[in-house]
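Here's a quick briefing on a protein chain and the ligand that goes with it. Have a look at the model first, then read on.

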Amino acid sequence: MTTTKFRREFDVVGDDFAGAGRVSTEIKALLKRVGYAEQTIRRVAIAVFEAEMNVVMYARRARITLDMDPEGVRILVDDVGPGIPDIEVAMQEGYSTATDRMRQMGFGAGMGLPNIRRNADEFAIESEVNSGTRVRFVVHAR
Ligand SMILES: Nc1ncnc2c1ncn2[C@@H]1O[C@H](COP(=O)(O)OP(=O)(O)OP(=O)(O)O)[C@@H](O)[C@H]1O
Ligand SMILES: [Mg+2]
């Protein structure tokens, strides 16, 4: 582990399916360079990918903030978008409002948010309709 503590920020643009996955790929490479365990990197990459896809699919744009230290990785995904009217429903496995076009691209299983929670040691989501959504999670280093 070469680091003490640092932060990186990334932007994600809504509806940018061509660029989707770029941030999670970049973060994966960064964590590898820093020297986190494979398992830690994998969990962060999966969770970031799901959060990034949700921004591409549903929001207008987002800022992803990554905080790293030897204890682990903390992520904030703060978007500007429609928000989520019922978070409890949205968190259910299989619930999805994905369009036919998104489903044709292989998305819309309704597993993204549950997958983020499953891969994280700490997870929180808050949302305001017509404003945006904040997803935060922490993956402890091992
Ligand atoms: N950032 C967001 N802004 C607005 N709505 C969202 C956001 N993230 C998720 N949602 C809503 O919550 C639902 C469930 O999200 P989840 O990621 O679990 O599944 P999905 O994106 O529909 O499918 P999958 O992730 O399996 O491709 C979405 O269909 C959408 O209605
Ligand atoms: Mg999703």
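Helices (H or I, at least four residues) and strands (E, at least two) are DSSP runs, numbered from the N terminus. This is a predicted model, where local features need pLDDT of at least 70, side-chain atom pairs count only at pLDDT 80 or more, and totals for chains, interfaces and linings use all residues. Residues are numbered from 1 along each chain as its sequence is written, chains are lettered from A and ligands numbered from 1 in the order in which they are written, and side-chain values use heavy atoms, with hydrogens and water left out.

**Around ligand 1**

- There are 20 residues around ligand 1, and Y58, D79, S96, T97 and G108 come nearest; a residue is near if one of its heavy atoms lies within 4 Å.
- Sorted by class, that shell holds 10 nonpolar, 8 polar and 2 charged residues (Ala, Val, Leu, Ile, Met, Phe, Trp, Tyr, Cys and Pro count as nonpolar, Asp, Glu, Lys and Arg as charged, and the others, Gly among them, as polar).
- Helix α2 gives the largest share of the shell, with 4 residues.

**Polar atoms facing the ligand**

- T97 puts a polar side-chain atom 2.5 Å from an oxygen atom of ligand 1.
- Two elements give two or more residues to the shell around ligand 1: α2 (38–58) and α5 (112–119).

**Two arginines**

- R43 sits in helix α2 and is buried, at 11% relative accessible area (buried means under 20%, exposed over 50%, partly exposed in between, with a 1.4 Å probe and protein chains only).
- The side chains of R43 and D121 are joined by a polar contact of 3.2 Å, meaning a pair of N or O atoms within 3.5 Å where, within protein, one must be able to donate a hydrogen and the other to accept it, and residues adjacent in sequence count only if both atoms are side-chain atoms.
- R142, in the segment after β5 (132–140), is exposed at 55%.

**Positive phi in loops**

- Most residues other than glycine have a negative phi.
- D15, in the loop between β1 (6–13) and α1 (22–34), has a positive phi near 70°.
- N130 has a positive phi of about 65°; N130 is found in the loop between β4 (122–128) and β5 and counts as exposed at 70% relative accessibility.
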